[in-house]
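Dear colleague,

I am handing over the structure below, together with some notes on its charged side chains. Please read the notes alongside the coordinates.

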Amino acid sequence: MTITVAIIGRPNVGKSTLFNRLVGQRLALVDDTPGVTRDRREGEANLFGLEFRVIDTAGLEEVFDASLEGRMRAQTERAVGEADLALLVIDARAGITALDEHFARWLRRSGKPVALVANKCEGREAEAGLTDAYSLGLGQAIPISAEHGLGMSDLYDAVAAVAKEDGEAEPGLPEGDAEGEGEGEEGQGQEAGGVLQLAVVGRPNVGKSTLINKLLGEERLLTGPEAGITRDSIAVEWSWKGRPLRLVDTAGLRRKARVVEKIEKLSTQDTLRAIRFAQVVVLLLDVEEGLEKQDLTIARMVVDEGRALVIGVNKWDACRERDAALAGIHDRLQRSLPQTRGIPVVTLSALQGHNIDALLQAVFQAYDVWNRRVPTADLNRWLEAVTASHPPPAVNGRRVRLKYMTQAKTRPPTFAVFVSKPQELPPSYLRYLENGLREAFDLPGTPIRLNFRKGDNPYAGRKKPKKDKKKAR
């Protein structure tokens, strides 16, 4: 059985950098600003062949009330409760602080196995901090540099010792020194075993984290009245009626002009990356605010990325003028997103759990449409019929001919159309073909891509045969 390791410590000691090093991907946001991490993030780590689950946590604060810091501390306590080993990370350059001493005492009382990790040990400035670390009563500190990958073999020994006690086979160290090897690129959106990647996006404070907590049936993500609590895009594995999903909670997206702080810019980039790696995106709205310009900007972004889109209208239980609110959303979609007709709109209450099954049903239906393939024979019969009823325009007295059509790929449905003069087709005719495809083959709401190609002339480039010239006699 794989063990679980929790990385804990006060703010800005390099916990997220160590997490990224262990999982081999840049999943967690990293910045010099203290308190970047708020939710706990989980990942699969591989250290010299030893595989284990690792949890990145928020910086520990000595706060026990219902404030944001207090709720962050409660999340860290849950992570320690789940862990088989706690890595208490200190900053060797800064030395031992009162917070380090407080949480060292707390960990000793918890009864969990603890390994003391001294980060930022790549220079002589860390020597004093390493010596002072003995005062914490947790034994000798493991000197590492999470940023440069130094000291990973010593960290391996500490984790492998706990894994061996837990009954997990201890792999041998591979030949060569793996310290200092670079981190991999972001990979959270790659497919694995048919898992549907579902990203929940929207403006700040519309209930994204509350929705995912209700789906999971636990307080997995931080929630509260404060806007902008979520910073990282947090992925959680889950299943609905036997179908596996990877739920991705994201930071709220504000208008670009309002995003000025560095942390919010990093969060926005993380959310955009989550959209690119998603398969289906739920755009969550606040029913009281309706479908605003920023929501439409997000929706266009999702469609441009070729992702299946579902609109979730949250806080439906608090809405009084329901018919007017729903009609306004449908009307705005029809006027502002005519290129993607039929986007499913589901009303729900994330807090009460109302109509969540309907939302997931719409998600899987959108996913199935996104993966739909149309036979080539059916496409060409349809193409012949639509061009006969509404022929393409004529250019210089010669009509543009649509010769042949096939589906090049799915996800989203992409079609290749061979045309005599593709550059001469007006945008209105392209919309006519797209809307006809959507209606004829039941492709509501999903992005459709049409690639017009000019067919190769089989006689192009051939030299004309020379005629024999016979002299007249």
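Helices here are DSSP runs of H or I with at least four residues, numbered from the N terminus, and in this predicted model Glu434 and Arg438 both belong to helix H12 (residues 427-440), where they are four residues apart and therefore separated by about one helical turn. These two residues form a salt bridge, with their closest N and O atoms 3.2 Å apart, and both of them are buried.

A second pair sits within helix H11 (residues 376-389), where Asp378 and Arg381 are three residues apart, again about one turn of the helix. Their side chains meet in a salt bridge at 2.4 Å, N to O; Asp378 is partly exposed, with a relative accessible area of 28%, whereas Arg381, at 53%, counts as exposed.

The salt bridge between the side chains of Arg93 and Glu122 (3.0 Å, N to O) involves two loops. Arg93 lies in the loop between strand S4 (85-91) and helix H3 (98-110), and Glu122 in the loop between strand S5 (114-119) and helix H4 (127-132), so the pair ties together parts that are 29 residues apart in sequence. Arg93 is partly exposed, with a relative accessible area of 42%, and Glu122, at 32% relative accessibility, is likewise partly exposed.

Beyond these pairs, Arg40, Glu42, Arg53, Glu82 and Arg220 are linked in a network of salt bridges, and the structure holds 21 salt bridges in total.

Technical notes
Residues numbered from 1 in each chain as written. Predicted model: local features only at pLDDT ≥ 70, side-chain atom pairs only at ≥ 80, totals over all residues. Heavy atoms only, no water. Salt bridge = Lys/Arg side-chain N within 4 Å of Asp/Glu carboxyl O. Buried < 20%, exposed > 50% of the residue type's maximum accessible area, 1.4 Å probe, protein only.
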